[in-house]
Structures are given as structure tokens and as C-alpha cells.
Amino acid sequence: MPRHRTTALPPALHERLSQRDLARRLGAVMPLVTLDAAGFPHPMAVSYLELKAYDGKSIGLVIQATSGSARNLSERNVATLIIVEPDGVFYVKLRRVDGPLKVPGAEALALGYFLLEVIEVLEDAPADWEAGMRITQGATYAPVPSLDEPWARLTLAAVAAPRARV
């Protein structure tokens, strides 16, 4: 059951998604769910490397511009980011502002940048009957990428500042 419902990222969640502590968060996986053409949820896994919160209302995202998720986001304009970790469970509802925009230097990788607006944030909490139960570990991947790899540098550069077509 949701504990808090807000229309912007709470400060602690904004900090988590800001990439200021990126090295510590590498290896964590978060589902990003879009809607496919038939109206079904279409999940993909993203990492803290691929997204960045600029403030409480805007997030940059870099994914493959030719992916099903990119197509879904372009056509239906909505997604939900799901964060399930020991210190919190959040559902961040997002709306596409722009994208996919080209990622300079990443043409061979087919990366695209999306600017997303935070519409609603739900913070989950255990029900009274679940007292004492908690998330002990979030989903992870390995090996953790080096931030010096070319694709990682291009991704970080792409989300460094918010962008949209004028």
C-alpha cells in the first residue's frame, strides 16, 4: 500500500537518481515499464548509469533508440520506473517531454536520449500485517561497467544536462 503520493521526486529519491553517488549504485537494476501497441506492460531493465534526475520533476534517460521501449515511449509517451531496494520501494510515473534525441558520438550504438517529466511518485510501505518484513536486496547485475568505457562516457555525457528540441 502506498505510503506517500507526490507529484515530484522527494529529496532523497532525487539524490539517489542524481548520479552524485553513481559508483556506489552501479550494478543495481531497475525495471522501466512502457506500454506496447496492444496496451500491455513492456518492461526493460535500466541502471543508474542510464538515467539522471535533474530536479524533482525532470529525468534524462539514454536507451537504444531502436528498441521496443523507445518506440513505446515515443508513441504512447508514458513509462513507470520501479525502484525496489532495501531502503525504499518507489514507482515513478513519467511522461515523455522529448526524444529520442541523438546522442552525439553514439550513432554506431544507436543510443537515444529522452527527457521525461515526473508526473507522480508512489512510495510503497509494508501493510500493518507485514510488520517486520522488508526488502533485503534489490536486483543487480555483474560485472559492473567501468565508467571509462566509451559507451559509458557517451551515456554520461548525454544525460549530463536536460535537452529538448526547441
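Visitor: What should I know before we start?

Guide: This is a predicted model, in which local features need pLDDT of at least 70 and side-chain atom pairs count only at pLDDT 80 or more, while totals for chains, interfaces and linings use all residues. Residues are numbered from 1 along each chain as its sequence is written, and side-chain values use heavy atoms, leaving out hydrogens and water.

Visitor: Why is Ala139 called partly exposed?

Guide: Its relative accessible area is 44%. Buried means under 20%, exposed means over 50%, and partly exposed is in between (1.4 Å probe, protein chains only). Ala139 is therefore partly exposed.

Visitor: Which residues is Ala139 in contact with, leaving aside its neighbours within four places in sequence?

Guide: They are Gly27, Ala28, Val29 and Val84, where contact means heavy atoms within 4.5 Å. Gly27 is 112 residues apart from Ala139 along the chain, with 8.4 Å between their C-alpha atoms.

Visitor: What makes a space a pocket?

Guide: On a 1 Å grid over the protein atoms alone, a pocket is an open set of points with protein on both sides within 12 Å along at least five of seven lines, whereas a cavity is a set where a 1.4 Å probe fits but cannot get out; lining residues have an atom within 4 Å of a point. Grid points are joined across faces, edges and corners, and the volume is the space filled by probe spheres set on the points.

Visitor: How much space lies in the largest pocket, and which residues are closest to its centre?

Guide: The largest pocket holds about 340 Å³. Of its 16 lining residues, Val89, Asp124, Ala125, Pro126 and Ile135 are the closest to the centre.

Visitor: Which residues line the second largest pocket?

Guide: Ala139 is one of them, and Gly27, Ala28 and Tyr48 are also among them. This pocket has a volume of about 170 Å³.

Visitor: What makes a group of residues a nonpolar core?

Guide: The residues must be buried Ala, Val, Leu, Ile, Met, Phe, Trp, Tyr or Cys, joined through side-chain atoms within 4.5 Å. The largest such core has 29 residues, and Leu9, Leu17, Leu61 and Leu81 have the most contacts inside it. Its largest share, 4 residues, comes from β8; strands are DSSP runs (E, at least two residues) and helices are H or I runs of at least four, numbered from the N terminus. A second, separate core has 10 residues, including Val62 and Leu101.
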